Amino acid sequence: MYQHTRLSKGSFSLFQKFKSFDYILLACILLLGTLSLTTMYSTDGGKVLFHTKSHFVKLVTFTIMMLIFSFINIKFWFSIGYLFYLIVIGLLIWTYYFGIKASGSQRWMDLYFINLQPSELMKICIILCLAKYFHRMKLENVNSIYTILTSLIIILLPMGLVIVQPDLGTSLLISISGIAVLWFAGINHKYFIYTMIGFLISLPFIISFLKPYQKLRVLSFLNPDRDPLGAGYQIIQSKIAVGSGGLFGKGFLKGTQSYLEFLPEKHTDFIFTLFSEEFGFVGSALLLIIYAITIYRIVVIGASSRSYFAKIFCYSFAAAIFVYITINMSMVLGLLPIVGSPLPIMSYGGSSMLATMIGFGIVMSAKVHSQQAIA
Amino acid sequence: MINSSSDSVKKLNSINRRMFITGSLKFFIMMGLISRLFFLQVKENKKYLTLSDKNRIREWKLAPVRGEIYDYFGNVIAGNFEAYQLHVIPEQVEDFRYVIYRLKDLLELSDKSFKKVLKKKNEIKPWETLIVSDNLSWENFSKINNHLYDLNGVKPVISISRNYPFKENFTHVIGYVSQANENDIENNEIIKKNFVPGLKVGKTGLEKSLEQQLIGSNDIERYEVNAYGRRISQLEFQKGQKGESLRLTIDTEIQKLANVLLKDQAGSICVMDIYSGSIIAMHSSPSFDPNLFVFGISKDDWQLIRNDPMKPLVNKTLQGNYSPGSTIKPIVALSALENGIINTNFTVKCTGKTELYGQTYHCWKKKGHGFVSLRNAMKQSCDTYFYEIARKLGVDKLSETAKKFGLGDKVFDKLFDIEKKGLVPNTQWKKNALGKGWLLGETIITGIGQGYIQTTPIQLCLMTAQIANGGYKIYPKIIVDDKNKDQPDDKFTPLYENPENIRIVQDAMFGSTNEVMGTSYRSRISDPKYQFAGKTGTAQVKKITERDRELDLKTFQIPYEERDHALYIAYGPYKHPRYAVSVIVEHGGNGSTTAAPMAKKLFKSIIDRHELRVSINNKRYMDI
């Protein structure tokens, strides 16, 4: 094994840390932030109103937080993996009993200055926790019953806590984050295939357990014209918004679908429709490319990391981000039923941004400390 | 530290392999998303752009402005006036209850109409216009304007509406407009196309049949609206076309005179130009004020019109099927002459009654006329003479001539949907319609215009005109420069075999009016300028019994419904005829005492106004 004398010192100078920053990733994040602010400004009807201001404050705060996180040694993130997970589980339980109820579900906890959604944090800390769990595991042990059961419990526990809120969308995203880690950790691909087959077979039964409004979403996904003013309204209007954007879009602040309030949830889950309506195919493709570069950079950082923990974390985080983007866009473009899933960074919502920024922070820390090995 | 090197290498291999799989998967999914975006935004762009416009752009149509109708001299007989309306937009009113009760007080609205307004308010969206009143009096309108300071959100609006300045004079010709109902919309494409709530369309008369020309097209306002239907901004205002104006051939003065002459009586007067077929006057009495219908007629007014025993709702000129009585005699005589049955020397002895086929047929004169020739028989309207020639002629030949002269068919073709055809019977008709053979006795009474034969006043007028112009076919018209109607080719084709026959009939009609013993001698005008020729008629409403003949009651002694209809046809001036007239007074008693004097007054006026009528025409051509 290599022994770098520099590494044994345990830390580098601040200047070196700055130097080893991934500036491309940082630029992408800042660019996304700017785009999201611009879009938010448009949702406010071309004025700096509540959403724009609030989004700006969060963006700045969390970007600074991300930068601070990136200076913290990757070893630290490794060491707090389980603790972080447990804390968030605790928060979820707290939310279950004392959370704030809003629009039919109990997802938020009141922190006086901010309403936190612990389920969003769970998306990131489940990766952290599982990455730590698999870090030291020998490959032959990975497929043991004990390991699989333990990791399944780690995934199912928060899932269950989120489902009872009820918030099916987020719980699915949490499980996908978890499954991504299992995949990279090297669990036999047969299990994934079996699970997939099992899922598909049991799909009809799962649907029968869905709540009426969720069933309606599935039905209206299959045929939006079934109830164009009711359940199908969101899908139809969002497709109209995207489709009417054309090649170059209707122009900034000129999206009629959003301006005239035809778009539902335009600040949060459907922010992409507004962006797409105003900036067209060119703008949307550009946004997708920025996301692609972001993900690519995360993967590159993972590949160049020395520690197995950092690798798993980066790969899984990249996969998770990719899945979030894909699910959100597919939903907006009418390729998937409507599930509540925000578009990372673009969507309005503090908890989601906090979780994403923590993720980026850890990735950045992995880059800065890429030569750091973890015992 | 990773110390077990083989394990760590394996682990690295595994994770890198899986990363590779994941990476390629991501790439394909990303491509899939981009192609979906491309599909929606570039390929299907047009479809979604249209849908988006459909979402955001909404049209508001405004009621079109109807074309005016003028008389021959350019007087407006169906015009547009500015109606004062009161609109309220509930959303803009701070305290709706206060404002609406205040309005109720100011306008003195009845509880019923007030409730109607409140009901309408609940049906519309708060930003839509609520019409509180659609035709305010000037007094109320100014009252509202004076109180506007505490009526926030109330808008006094001036809108355009129909009015008929000559009231009952033209009702049956031009009809009236009223709010369109479902039937109107369904049956007429152009109404459907231009429909807006509150649109007024023609319900009867020319207003109905010429809807296509009169209606015009909507002003269209295009607004951008939001998801809740609220108007955000006006995008476009497309001015509509005003409906085409119409000029009628009718002379308002004559029309008014006809109304005065028939005052308090049921009947009809038609005046026609015998060469052009232009209708100079066409009135059916009693009439009613069409303005009552424009904003919806009140229940009381409607009952009054509907239950009037003289039936103002019936257009007697076109819908009234009357027995022509003696006014058919010129046609009977003409037919007999044409068919060579008689000549001017043919005489019949009238003894007051005649036995034919075991039936007694009475002449109107009990004592009889003695020996009468054609000219005398027409002049004195001897029934016996016409029984005889009808018998000789036969009903089939008679009906042929009658049909040639326009009886038994619609005069205005499709212009008025209510127009009746009348009935000219013949043997074939009776077989088909009643399934019975023709009886000779029926021929005999047809000869004096009784029995099955039925004519409308306008048909009688056309018949007279065609006799007066020397026996040439004309097509009556009521609209000057009617674009919809081409002049038929057979206009002015001769209807006679021998022009001499027409002259004989004309001469006989002259005698009937201008010579002693003539039935309308008392109504003659001796001044050759106004001198006219005519034929009286008295149509029985019920069969005259022997008892009636014995009683020989005067008209006023008979109950109204059983009195005879009085008819008169005439043309003049005799030397150079220009106009034909037909007069029918329902239950008027006797043609010579009731109908003929009206014709006298009409001719005076018609011929006096002839110069003016012609000069208008000349001037028109000079202007061009």
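Let me start with a pair of helices in chain A: α9(A) and α15(A) cross in a right-handed way. Before I go on, please keep in mind that everything here comes from a predicted model.

So, who are these two helices? Helix α9 covers residues 168-185 of chain A, and helix α15 covers residues 308-332. Their axes come within 9 Å and cross at roughly 140 degrees.

By class, the contact has 12 nonpolar residues, 2 polar ones and no charged ones.

Now let's hop over to chain B for another pair. Here helix α15 (residues 329-338) and helix α17 (residues 383-393) have axes that come within 10 Å and cross at roughly 45 degrees. That angle makes α15(B) oblique to α17(B) as well. Is this crossing left-handed or right-handed? In this case α15(B) passes α17(B) in a left-handed crossing.

If you want to find the contact on your screen, look on α15(B) for Lys329(B), Val332(B), Ser335(B) and Ala336(B). They meet Phe386(B), Ile389(B), Ala390(B) and Leu393(B) of α17(B). The class count for this contact is 6 nonpolar, 1 polar and 1 charged.

On to the strands, beginning with a sheet in chain A. Our sheet is an open one of 3 strands, in the order β1-β2-β3, and the pairing is antiparallel. What happens at the edges? β1 (100-102) and β3 (115-116) of chain A each have a single partner strand, so one side of each has no neighbour in the sheet.

Let's walk through it. β1(A) pairs with β2(A), residues 105-110, over 3 bridges. Within that pairing, Ile100(A) has Trp108(A) as its bridge partner, and Ala102(A) stands opposite Ser105(A). The hairpin of β1(A) and β2(A) has 2 residues between the strands, and Ser103(A) there takes a positive phi near 40 degrees.

The next step takes us from β2(A) to β3(A), which run antiparallel and are joined by 2 bridges. Asp110(A) stands opposite Asn115(A) in β3(A). How many residues lie between the strands in this hairpin? There are 4, and Tyr112(A) takes a positive phi near 70 degrees.

Over at β17(B), the partner is β18(B), residues 565-572, and the two pair in the antiparallel sense over 7 bridges. One pair to look up: Gly537(B) has Leu567(B) in β18(B) as its bridge partner.

Now let's bring the chains together. The contact between them takes 36 residues from chain B and 38 residues from chain A. On the chain B side, the elements that give two or more residues are α1 (5-43), α2 (45-56) and β8 (219-225). Which element gives the largest share? That is α1(B), with 20 residues. The chain B side divides into 18 nonpolar, 8 polar and 10 charged residues.

Last, a word on confidence. Chain A has a mean pLDDT of 88, and 97% of its residues reach 70 or more. Residues 1-10 of chain A are a stretch to watch: pLDDT stays under 50 there, and the model has 3 contacts for them beyond four places in sequence.

Definitions and conventions: Residues numbered from 1 in each chain as written. Chains lettered and ligands numbered in written order. Predicted model: local features only at pLDDT ≥ 70, side-chain atom pairs only at ≥ 80, totals over all residues. Contact = placed C-beta atoms within 7 Å. Nonpolar A, V, L, I, M, F, W, Y, C, P; charged D, E, K, R; others polar. Pairing = 2+ DSSP bridges. Axes fitted to C-alpha atoms, helices over the stretch in contact; angles between N-to-C directions. Parallel < 35°, antiparallel > 145°, perpendicular 65-115°, else oblique. Left-handed = near helix turned anticlockwise from the far one by under 90°. pLDDT = per-residue confidence, 0-100.
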